[in-house]
Amino acid sequence: MSRIYNFSAGPSMLPLEVLKKAAEEMTDYRGTGMSVMEMSHRSSVYEGIINEAEADLRKLMNIPENYKVLFLQGGASTQFAAIPLNFMKTGKADYVVTGQWAKKALGEARKYGDAKCIASSEDRTFAYIPEITPDMVSPDADYVHICYNNTIYGTKFPEIPNVGDKMLIADMSSCIMSEPVDVTKFGVIYAGAQKNMAPAGLTVVIVREDLLGYARPETPTMLDYKIMADNGSMYNTPPCYTIYVAGLVYKWALSLGGLEKMKERNEKKAALLYDYLDGSSLFKATADKAFRSMMNVCFVTGDAELDKKFCAEAQQNGMVNLKGHRSVGGMRASIYNAMPYEGVEKLVSFMKKFEAENK
Ligand SMILES: *Cc1c(COP(=O)(O)O)cnc(C)c1O
């Protein structure tokens with residue numbers, strides 16, 4: 001077996017232990033004589049799988065009783081529309097624009113009401129997170145939407161922004177489960193699973209119960225969070241197999257000591273890479289220091305040809321998908337929970353060698 005280090009922003013690496021477990025259970029799930037892929041989602045065996053996945057995620061993220069956990073489809077991008085449809089009661093909402101995903105969320109909300117950009121970091125290609133104070137928030141906004149970790153630019157909110165008594169909604173697609181987060185500070189947290197939780201096809205929505213039930217009448221049934229909650233995420237066929245793998249990932253994270261431990265591991269990996277970048281005379285990290293992401297590390301040489309050469313040589317050395325997002329160029333190393341420390345070590349020693357050879 002040969003595994004390489006995959007620095008893709010998503011879909012991304014899964015823990016090897018999880019892949020092995022899934023392989024072991026692939027053709028005969030615990031004596032049922034069938035794969036999880038072939039099972040009725042209404043069967044008691046599958047009910048056990050989804051219920052256990054939810055229970056483990058609740059444990060892992062310390063999700064309070066008064067929050068619903070929904071296992072949905074459509075990716076984070078579908079939630080960009082579902083959020084205004086479910087929560088824009090007065091027709092107004094505030095958005096913080098810290099990257100392309102946040103901008104897309106704002107664009108989608110503008111189809112349904114008066115969505116306002118209250119702060120943006122577009123002036124410097126989203127290299128920082130603008131400061132948010134309660135007085136910036138519109139008094140009549142139903143919620144404030146943020147993108148907690150900006151996958152494309154490698155920035156993250158250094159802390160949960162203070163939006164006064166407004167409900168905060170966060171896209172956490174690329175940082176969910178990377179460290180502990182106080183769920184009670186948010187009305188809604190959502191994340192596409194393919195970054196830090198599972199294969200693609202699943203979107204997790206964590207929503208405070210009292211916020212449900214106000215969807216606009218024209219909201220498509222499949223986007224109505226209350227209907228999804230009332231049906232235990234099984235109004236229709238859920239992404240069964242992806243939920244099963246997510247469940248294995250939750251168990252893996254719990255077995256390693258939960259999110260405190262994940263944070264410790266992730267800090268160690270990110271520090272190794274950023275410390276090298278800060279001392280390098282060839283490579284430069286692009287995000288402002290105070291807002292650096294632990295999950296997506298963006299960097300450049302300043303020479304597009306050299307960037308290209310770097311990515312090609314890295315690939316030859318078993319480190320793939322280091323090319324930055326097409327909108328920004330350069331390099332991006334996504335080092336989610338499943339990336340082992342050894343992968344980052346290998347990357348840094350390769351970068352040192354490349355630097356010496358390309359002075
Ligand atoms: C990847 C990503 C998205 C888009 O996710 P899809 O599941 O492909 O719709 C949205 N927001 C953030 C922060 C992302 O990283």
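These legends walk through a few close-up views of a predicted model. Residues are numbered from 1 along each chain as its sequence is written, and side-chain values use heavy atoms, with hydrogens and water left out. Since this is a prediction, local features need pLDDT of at least 70 and side-chain atom pairs count only at pLDDT 80 or more, while totals for chains, interfaces and linings use all residues.

View 1. Helices (H or I, at least four residues) and strands (E, at least two) are DSSP runs, numbered from the N terminus.

View 2. A polar contact is a pair of N or O atoms within 3.5 Å. For Lys195, a side-chain N or O atom is 2.6 Å from an oxygen of the ligand, and for Asp171 a side-chain N or O atom is 2.6 Å from a ligand nitrogen. The protein covers 87% of the 380 Å² of accessible area that the ligand has on its own (Shrake-Rupley method, 1.4 Å probe).

**View 3. A three-stranded sheet.** Here 3 strands make an open, antiparallel sheet in the order β11-β12-β14; strands pair if DSSP finds at least two bridges between them. β11 (284–285) and β14 (331–334) stand at the edges with a single partner strand each, so one side of each has no neighbour in the sheet. β11 pairs with β12 (residues 296–300) over 2 bridges, and Lys284 stands opposite Val300 in β12.

View 4. Most residues other than glycine have a negative phi, and most peptide bonds are trans. Yet a cis peptide bond joins Gly10 and Pro11, with omega about -10°. Pro11 is in the loop between β1 (5–6) and α1 (16–24). Phe126 is not a glycine, but has a positive phi of about 60°; its loop runs between β4 (114–120) and β5 (143–147).

Methods. A polar contact is a pair of N or O atoms within 3.5 Å; within protein, one must be able to donate a hydrogen and the other to accept it, and residues adjacent in sequence count only if both atoms are side-chain atoms.
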